Amino acid sequence: MTSEHRVAVSGGTHGNEMSGIYLAKHWLRNPMELRRGSFAVTPFLGNPRAIEKCVRYVGRDLNRTFTTEFLSSAEAEDKPYEVVRAREINQTYGPKGSAQAFDFMFDLHNTTANMGACLIVDSEESLLPMHMCHYIQVGPAPDLSTRPALGQGPLRSAGEALELGPQPQQVVRADLFTQMRDLMACALDFIELFNKGTVFPAFEIEAYKITGRMDYPRYPDGEISAMVHPKLQDKDFLPMNPGDPIFQTFSGEEILYEGDTTIYPAFINEAAYYEKKVAFAKMEKHMFSIPGLQRE
Ligand SMILES: [Zn+2]
């Protein structure tokens, strides 16, 4: 792994997730804040049209558009705006894994779920982001932490997604804004140390592996027939055991979890996932041994 000299950070991949949007706008006015000795960071707005309208997207979800299917199909003219935008972003900062691609890209998101900070990483073999999480957990700012969640799957994006919540859509809260700004400062300090050749020893870390999604119960006509149970609300990353109540119907009946193993839900009652038919993401919790890291 060579040094990371070209780093980009996207705010507003979703146009109603305000921490990243106002942070990116702040950095565009104050680029020195992102400067480190060994590298500079390029901030940009992921989905300017959606940001202008303060909606998640205008044509289709940009965060589901960085796939070969959308990036390579011919003629962008009659395609949704986000297909055109995904290609622009891919051409400017990617393609992911190619020689001309930026070395690291942050993708800033908010969730309405009570998830705290969570970095979505491809897998435990992505050593740099795993070490970054660990550095933030044990590093110089003890009040900062971020959990690693592995497996982008449906959460496919252009970079490493940093999720922070809970924050309502279209709202900027100063406490979460400051937390995201501090997390990013800590992550950039980590990259600076990495570039300078710092030896990061091996460690063990708890990480969550995304394994699937749970839909809401539905009436035969497709409308949802129940809400997230009050005992599940806000319990992201906590164990869900067989028999635990997970939904409450509109007439007040409990619906229990029928799985046969303990899982760890996240994105519980995420506002943006109603249209995606997801009440929460299912995850498993594992300990991973991460080998040491040093720049070549
Ligand atoms: Zn988002």
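Leaving aside neighbours within four places in sequence, L108 is in contact (heavy atoms within 4.5 Å) with V9, S10, G12, G20, L23, W27, L162, M180 and M184. This is a predicted model, in which local features need pLDDT of at least 70 and side-chain atom pairs count only at pLDDT 80 or more, while totals for chains, interfaces and linings use all residues. Residues are numbered from 1 along each chain as its sequence is written, and side-chain values use heavy atoms, with hydrogens and water left out.

L108 also belongs to the largest nonpolar core, which has 42 residues. Such a core is a set of buried Ala, Val, Leu, Ile, Met, Phe, Trp, Tyr and Cys residues joined through side-chain atoms within 4.5 Å. Buried means under 20% relative accessible area, exposed over 50%, partly exposed in between (1.4 Å probe, protein chains only). F106, L108, M132, L188 and I191 touch the most other members. Helix α6 gives the most to this core, with 11 residues. Another core lies apart from it and has 17 residues, including M115, Y208, F237 and V278.

Next, the sheet. Helices (H or I, at least four residues) and strands (E, at least two) are DSSP runs, numbered from the N terminus. Two strands pair if DSSP finds at least two bridges between them. Eight strands form an open sheet with mixed pairing, in the order β2-β1-β3-β6-β4-β5-β7-β11. β2 (40-45) and β11 (280-290) stand at the edges with a single partner strand each, so one side of each has no neighbour in the sheet. The twist averages 30° from one strand to the next.

β7 (residues 203-214) pairs with β11 in the antiparallel sense over 11 bridges. β5 (residues 147-150) pairs with β7 in the parallel sense over two bridges.

Axes are lines fitted to C-alpha atoms, for helices over the stretch in contact, and angles run from 0 to 180 degrees between N-to-C directions.

| Helix | Strands touched | Angle between directions |
|---|---|---|
| α4 (residues 81-93) | β1, β2, β3 | about 170° with β2 |
| α6 (residues 174-195) | β1, β2, β3, β4, β6 | about 165° with β3 |

Finally, the zinc ion. Donors are N, O and S atoms within 2.8 Å of the metal (3.2 Å for Na, K and Ca); water is not among the atoms, so sites may look incomplete. The protein donors are H14 (ND1), E17 (OE), E17 (OE) and H109 (ND1), lying 2.0 to 2.4 Å from the zinc ion. Their spacing along the chain is H-x2-E-x91-H. The four donor atoms subtend angles of 58 to 154°, which makes the arrangement irregular. Four donors count as tetrahedral if all angles lie between 85 and 135 degrees; four count as square planar and six as octahedral if opposite donors are over 155 degrees apart and all others between 65 and 115; anything else is irregular. H14 is buried, at 2% relative accessible area, and E17 is buried, at 6%.
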